[in-house]
Amino acid sequence: MSQKHVLRRTTLKALAVVAALGFGFAAPQAMAQNKTVIRISTPAVPEDWHAKMWTVFKDTLEKSAPGEFDVQIHLNAALFKQGTEPAAMARGNLEMSAISAQDISKIVPEFSIFTAGYIIRDPDHQQKVFNGPIGEEVFKPVIQKMEVTPLATAYLGTRQVMLREDKNVTTPADLKGIKLRMPASKEWLFLGEALGATPTPLAFGEVYLALKTGTIDGQDNPLPSARAAKFYEVSKTVVMTSHLVDAIFLSYSTKAFNALKPEQQKKVKEAAQAAAKYNNENRIKDEKEIVDYFKSQGLKVVTPNVAEFRKVVQEKYQKSEMANNWPKGLLQRINDVK
Ligand code: KDO
């Protein structure tokens with residue numbers, strides 16, 4: 001073979017490699033460009049139902065809208081710190097998250113009615129309230145003022161108090177002086193105070209260590225979340241206060257949602273509802289069996305005087321500044337939902 005020939009073949013080979021490489025890089029980029037990216041951030045730990053539900057969301061959407069979306073799930077508050085998700089969504093840095101009533105109340109004060117203890121009776125009551133006319137009405141200012149669009153209501157569970165020491169608790173008076181960790185916002189801290197404790201703000205991800213070292217005396221969470229985050233390993237008592245039938249709202253950045261085609265909006269909403277349904281069913285089932293699990297782990301499970309807790313907590317809320325923001329008649333309407 002002549003030198004000229006060898007050179008030509010080498011050049012052709014090199015061109016082929018460059019072309020292949022070029023394609024290699026270009027193809028995924030083009031794919032990503034065609035897909036709408038949905039970034040999801042949540043402080044939920046992987047074993048918890050409201051973390052797993054996002055995989056249901058992703059799978060459902062992949063089936064109903066194949067190749068249209070690139071759903072990216074970030075657990076453990078790895079992308080955004082707990083409580084900062086709504087602002088990130090409003091700025092367009094995040095498409096989805098499951099936000100709390102406490103997050104919403106910061107911008108929509110009338111929503112604080114749903115942060116009050118002993119208002120929502122049970123998961124069924126919660127779903128009826130948020131999926132009915134009340135939900136439609138209270139979500140309107142959320143969409144307008146917060147620029148996030150709630151798509152489905154997930155039952156986070158019924159919150160119970162857990163303590164690192166062995167203690168008998170009957171009434172709120174027994175929680176006096178207890179450093180009870182609450183998420184860091186004034187609505188959460190008020191709930192801790194209403195329960196009779198000394199509320200201490202801390203992010204969810206820091207609770208395990210704080211219980212272990214004794215920086216805090218206890219925390220409140222639904223029991224499935226306490227199991228998923230292994231809080232039972234560093235607790236001795238569960239007090240079944242059942243003080244908050246908690247919800248989180250699977251929400252989409254309004255700007256990003258409005259940029260979707262109507263049929264995509266419908267599919268995204270359906271996927272969010274499928275995710276919430278998966279979470280709700282599993283969590284409700286879990287809550288029925290979980291007390292036995294905690295007992296098997298050596299924890300003492302105490303049933304306090306719930307009627308007394310309810311009375312004390314409700315009185316504190318009724319007298320609070322927060323209650324001034326509650327729309328007239330809404331409490332009665334919530335109570336009337338059967
Ligand atoms: C918590 O920090 O106690 C809490 O239960 C508050 C909820 O609103 C929600 O943020 C939840 O944590 C996280 O999703 C972790 O389970």
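Author: A residue is buried under 20% relative accessible area, exposed over 50% and partly exposed in between, taken with a 1.4 Å probe and protein chains only. The model is predicted, so local features need pLDDT of at least 70 and side-chain atom pairs pLDDT 80 or more, while totals for chains, interfaces and linings use all residues. Residues are numbered from 1 along each chain as its sequence is written, and side-chain values use heavy atoms, with hydrogens and water left out.

Reader: How many helices and strands does the protein have?

Author: Helices (H or I, at least four residues) and strands (E, at least two) are DSSP runs, numbered from the N terminus. On that basis the secondary structure of the protein comes to 13 helices and 9 strands.

Reader: What percentage of the residues in the protein is buried?

Author: The C-alpha trace spans about 95 × 45 × 30 Å along its principal axes. The protein has 338 residues, and the buried share of them is 47%.

Reader: What share of the contacts with a separation of 6 or more comes from residues 24 or more positions apart?

Author: Contact means heavy atoms within 4.5 Å. Among contacts in the protein with a separation of 6 or more, residues 24 or more positions apart account for 77%.

Reader: How far apart do the centres of the positive and negative side chains lie?

Author: Lys and Arg count as positive and Asp and Glu as negative, while His and the chain ends are not counted. Each charge is placed at NZ of Lys, CZ of Arg, CG of Asp or CD of Glu. With 45 positive and 36 negative side chains, the distance between the two centres is 6 Å.

Reader: Which residue meets Arg333 in a salt bridge?

Author: A salt bridge is a side-chain nitrogen of Lys or Arg within 4 Å of a carboxyl oxygen of Asp or Glu, and the structure holds 15 of them. For Arg333 the N to O distance is 3.1 Å, and the partner is Glu137.

Reader: Where do Arg333 and Glu137 sit, and how many residues apart are they?

Author: The salt bridge of Arg333 and Glu137 has an N to O distance of 3.1 Å. Arg333 is in helix α13 (residues 330–336) and Glu137 in helix α6 (residues 133–146), so this pair links distant parts of the chain, at a separation of 196 residues.

Reader: What sequence separation does the pair of Glu147 and Lys255 bridge?

Author: The closest N and O atoms of Glu147 and Lys255 are 3.7 Å apart in a salt bridge. Glu147 lies in the loop between α6 and β4 (148–163), and Lys255 in helix α10 (residues 254–258), so the pair ties together parts whose separation in sequence is 108 residues.

Reader: Which residue is linked with Arg159 and Asp220 in a network of salt bridges?

Author: Arg159 and Asp220 form a salt bridge of 2.7 Å, N to O. Arg159 is in strand β4 and Asp220 in strand β7 (residues 218–222), so parts 61 residues apart in sequence are tied together. Both Arg159 and Asp220 are buried. The network that holds these two also takes in Asp246.

Reader: Which side chain makes a polar contact with that of Thr241?

Author: Thr241 lies in strand β8 (residues 237–253) and is buried, with a relative accessible area of 0%. Beyond its neighbours within four places in sequence, its contacts include Tyr118, Arg159 and Phe309. A polar contact is a pair of N or O atoms within 3.5 Å; within protein, one must be able to donate a hydrogen and the other to accept it, and residues adjacent in sequence count only if both atoms are side-chain atoms. At 2.8 Å, the side chain joined to that of Thr241 belongs to His243.

Reader: Which elements do the buried residues of α5 pack against?

Author: Helix α5 covers residues 123–131, and its buried residues include Pro123, Val129 and Phe130. The elements that the buried residues of α5 pack against are α6, β4, β8, α11 (262–296) and α13.

Reader: What is the phi of Ser242?

Author: Most residues other than glycine have a negative phi. Ser242 is found in strand β8 and is partly exposed at 29% relative accessibility. Although Ser242 is not a glycine, its phi is positive, at about 45°.

Reader: What is the phi of Asn76?

Author: Asn76 sits in the loop between β2 (69–74) and α3 (85–91). Asn76 is partly exposed, with a relative accessible area of 45%. Asn76 is not a glycine either, yet its phi is positive, at about 55°.
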